[in-house]
Amino acid sequence: MMSLERWNQNVKKRREQKVQFLKQGKEREKMALPPPIKPHELDFYHMSPDVEPWNQPYVGAKHPIKRKSNWFKTQLLISALLFVVTLLIFQAHTPILKPAERFMTQAFTREFNFAGMSAQYEKYIGEAPAILPAFQKDKEDKEQVITWSAPVKGTVGLPFDEKRKGLVLYTTDGAPVHAAAEGLVIFVGNKEGLGNLVKVQHMSGVVTWYGLLDDIQVKQKDWVKRGDVIGSAVRSDQKSMVYLAVEHQDRFINPADVMSFE
């Protein structure tokens, strides 16, 4: 039978062997493992291709959720500042802030000009964009959209011919001149022989010219609806006249063919 003293010696010996084995194992692990990577040196895009991304720990320099949270807080702060500034402008009622108040009122109440954007896009690129539903219109329907009306009350004084490229309407002194159809103002200025001139581009590329104007009420890039006042007839001692021309695909057509005059 084993004595108690011998049994204690065996237990002590086995304990020393285990401790030595554990020390040797830790040394081998230190030699096999790479040096520890610092957090700022980790890179999300250099993960092991042999392991699925969802089984790998996130190793980005910045955590995406934290980054999105910080950006959201920044946006929230900017929105709050804009709200406070807008509130102060509308509550101050001081003359120096009146222009800013009018600008904000117009910006908040003005509708986005989809038709004008479509006309500009079609003019410079050649085809209306079809990304937004507002632009998805059949080409055959666009020709039927335009509804014409006489721009001024009067009679035809000088009819259309190839040299004039338009006609001249006789009207009363200072008579208001209206847009013949809805469209985008693409030119406001002076042209030799026509005086003050306004050009309005309509859907399908048709452009109307309004010359011999006085007191012009529109500016370039304005969107006008049919019947909106764009100016007035030039006052004259003899007869007040308004020049009108219709251009389509670099050709001039007789305005009397698309609208009626008194």
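Buried here means under 20% relative accessible area. The model shown in these views is predicted.

**View A. The aromatic pair of Trp209 and Phe252.** A search of the whole structure finds one aromatic pair. Trp209 and Phe252 form this pair in an edge-to-face arrangement, with 5.3 Å centre to centre and 75° between the planes. The pair links distant parts of the chain: Trp209 lies in strand β6, whereas Phe252 lies in strand β10 (residues 251-253), and 43 residues separate them. Both Trp209 and Phe252 are buried, so each has a relative accessible area under 20%.

View B. Leu212 is partly exposed, with a relative accessible area of 21%. That class applies because the value falls between the cut-offs of 20% for buried and 50% for exposed. Residues up to four places away in sequence set aside, Leu212 touches Gly193, Leu194, Gly195, Asn196, Ser232, Ala233, Val234, Met241, Val242 and Tyr243. For one of these contacts, Ala233, the C-alpha to C-alpha distance from Leu212 is 6.7 Å, and the two residues are 21 residues apart in sequence.

**View C. Strand β2 and its partners β1 and β9.** Strand β2 spans residues 167-171. Four of its five residues are buried, so β2 is largely enclosed by the rest of the structure. Strand β1 (residues 155-158) pairs with β2 in the antiparallel sense over three bridges. In this pairing, Thr155 stands opposite Tyr170 of β2. Strand β9 (residues 240-248) pairs with β2 as well, again in the antiparallel sense, over five bridges. Here Leu167 stands opposite Leu244 of β9. In a regular strand, side chains alternate between the two faces of the sheet.

**View D. A nonpolar surface patch on the model.** Phe83, Val84, Leu87 and Leu88 make a nonpolar surface patch of about 400 Å². Phe83, one of the patch residues, is located in helix α2 (residues 64-92). Phe83 is exposed, and its relative accessible area is 56%. The value qualifies as exposed because that class begins over 50%.

Key
Residues are numbered from 1 along each chain as its sequence is written. This is a predicted model: local features need pLDDT of at least 70, side-chain atom pairs count only at pLDDT 80 or more; totals for chains, interfaces and linings use all residues. Side-chain values use heavy atoms; hydrogens and water are left out. Patches are made of residues with over 30% relative accessible area and no salt bridge: like charges are joined within 9 Å, nonpolar side chains (Val, Leu, Ile, Met, Phe, Trp, Tyr) within 5 Å. Accessible areas come from the Shrake-Rupley method with a 1.4 Å probe; for residues, only the protein chains shown count as cover. A salt bridge is a side-chain nitrogen of Lys or Arg within 4 Å of a carboxyl oxygen of Asp or Glu. Helices (H or I, at least four residues) and strands (E, at least two) are DSSP runs, numbered from the N terminus. Buried means under 20% relative accessible area, exposed over 50%, partly exposed in between (1.4 Å probe, protein chains only). Contact means heavy atoms within 4.5 Å. Two strands pair if DSSP finds at least two bridges between them. Rings of Phe, Tyr and Trp (its six-membered ring) pair if their centres lie within 6.5 Å; planes under 30 degrees apart count as stacked, over 60 as edge-to-face and the rest as tilted.
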